[in-house]
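The sequence and structure are shown below.

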Amino acid sequence: MSAAVNRQTRPGLASGVRAGAPGEQGAVRGRLGIDAGVYAGRVELRIPVGLGFESWCRIGQQIRRISDSSCWWLADWLVYGEEQFPGRYQVVCEETSLSYQTLRNYAWVARKFPPSRRRDSLSLQHHAEAASLPEAEQDLWLARAERESWSARRLRQELRKRARKLDEADPATRVQVTLSLDSERRDRWMQASEAAHMPFMDWIVRIIDDASGDRNAPDRKTA
């Protein structure tokens, strides 16, 4: 029996992709920019003694890029599944080990920011903080966060300051609404917001805007 037949296929991998295939680790290292001799496994990164400082720094930078990119990859993956495999994609999402709502939030941000408007130096979380703003303000705040090297947390803080200043300038513009919903109605509304590819509160605002005839609301576009 050939060696290829003896190798077991790891569950979840596409047919023909073998766990531990010769050259697989080398190919992974090449794609990720990891030096020869460094083992990148599922649950460990094994670094050989004697690795140079520059190589060590390069590995850290690449790991950060992969971490930042993976959220966008998951977001675009889910958007594709929603569009191409309606009714089936949600089951497959369980393989990511992330909550369905987390993936839905990723997808919402991905729809708000097509690839041409995403900033390489900022994470998906940065974009999420600005996603509810009108498009022109999204670009303004993301440009500032990029220019001043803000963390996503710092951007959130700055946007909250902006919101407070707007409220102080015109207190009448802020209205707090409390809804009391029975469980059946709440479930129906949440299902409707998911079908519209929108976070629950954004969906409620959109429905109210539609009912009021407001055609200029910034969040009217389906996420």
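Arg119 and Glu146 meet through their side chains in a salt bridge, with N and O 2.7 Å apart; the term denotes a side-chain nitrogen of Lys or Arg within 4 Å of a carboxyl oxygen of Asp or Glu. Because Arg119 lies in the loop between H5 and H6 and Glu146 in helix H7, the pair ties together parts that are 27 residues apart in sequence. Helices here are DSSP runs (H or I, at least four residues), numbered from the N terminus, and strands are E runs of at least two. Arg119, at 22% relative accessibility, is partly exposed, and Glu146 is likewise partly exposed, at 32%. On this scale, buried means under 20% relative accessible area, exposed means over 50%, and partly exposed lies in between (1.4 Å probe, protein chains only).

The model is predicted; local features need pLDDT of at least 70, side-chain atom pairs count only at pLDDT 80 or more, and totals for chains, interfaces and linings use all residues. Residues are numbered from 1 along each chain as its sequence is written, and side-chain values use heavy atoms, with hydrogens and water left out.

By the salt-bridge rule, the count comes to 13. In general, side chains of opposite charge can pair when their charged atoms come close. Three of these pairs are set out here.

| Pair | Closest N and O atoms |
|---|---|
| Arg118 and Asp76 | 2.8 Å |
| Glu148 and Arg144 | 3.2 Å |

The salt bridge between Arg118 and Asp76 joins the loop between helix H5 (100–112) and helix H6 (124–130) to helix H3, so parts 42 residues apart in sequence are tied together. Arg118 is buried, with a relative accessible area of 15%, whereas Asp76 is partly exposed, at 32%. In the pair of Glu148 and Arg144, Glu148 is partly exposed at 37% relative accessibility, and Arg144 is partly exposed at 30%. Salt bridges with shared partners also join Glu82, Glu83, Arg104 and Arg111 into one network.

Helix H3 also holds Trp77 and covers residues 53–84. Buried residues of H3 include Trp72, Leu78, Val79 and Glu82.

Trp77 is partly exposed, at 38% relative accessibility. Not counting residues up to four places away in sequence, Trp77 touches Val92, Cys93 and Thr96, where contact means heavy atoms within 4.5 Å. The C-alpha atoms of Trp77 and Tyr106, 29 residues apart along the chain, are separated by 9.9 Å.

In helix H8 (residues 152–169) lies Glu158, which is buried at 10% relative accessibility. Leaving aside neighbours within four places in sequence, Glu158 is in contact with Trp141 and Trp150.

The protein averages a pLDDT of 74, and 73% of the residues score at least 70; pLDDT is the predictor's confidence in each residue, from 0 to 100. Confidence is lowest in helix H1 (residues 3–6), at a mean of 37, and highest in helix H7 (residues 135–147), at 93. Residues 1–31 have pLDDT below 50, and this stretch has 20 contacts in the model beyond near neighbours in sequence. Residues 215–223 also have pLDDT below 50, with 17 contacts beyond near neighbours in sequence.
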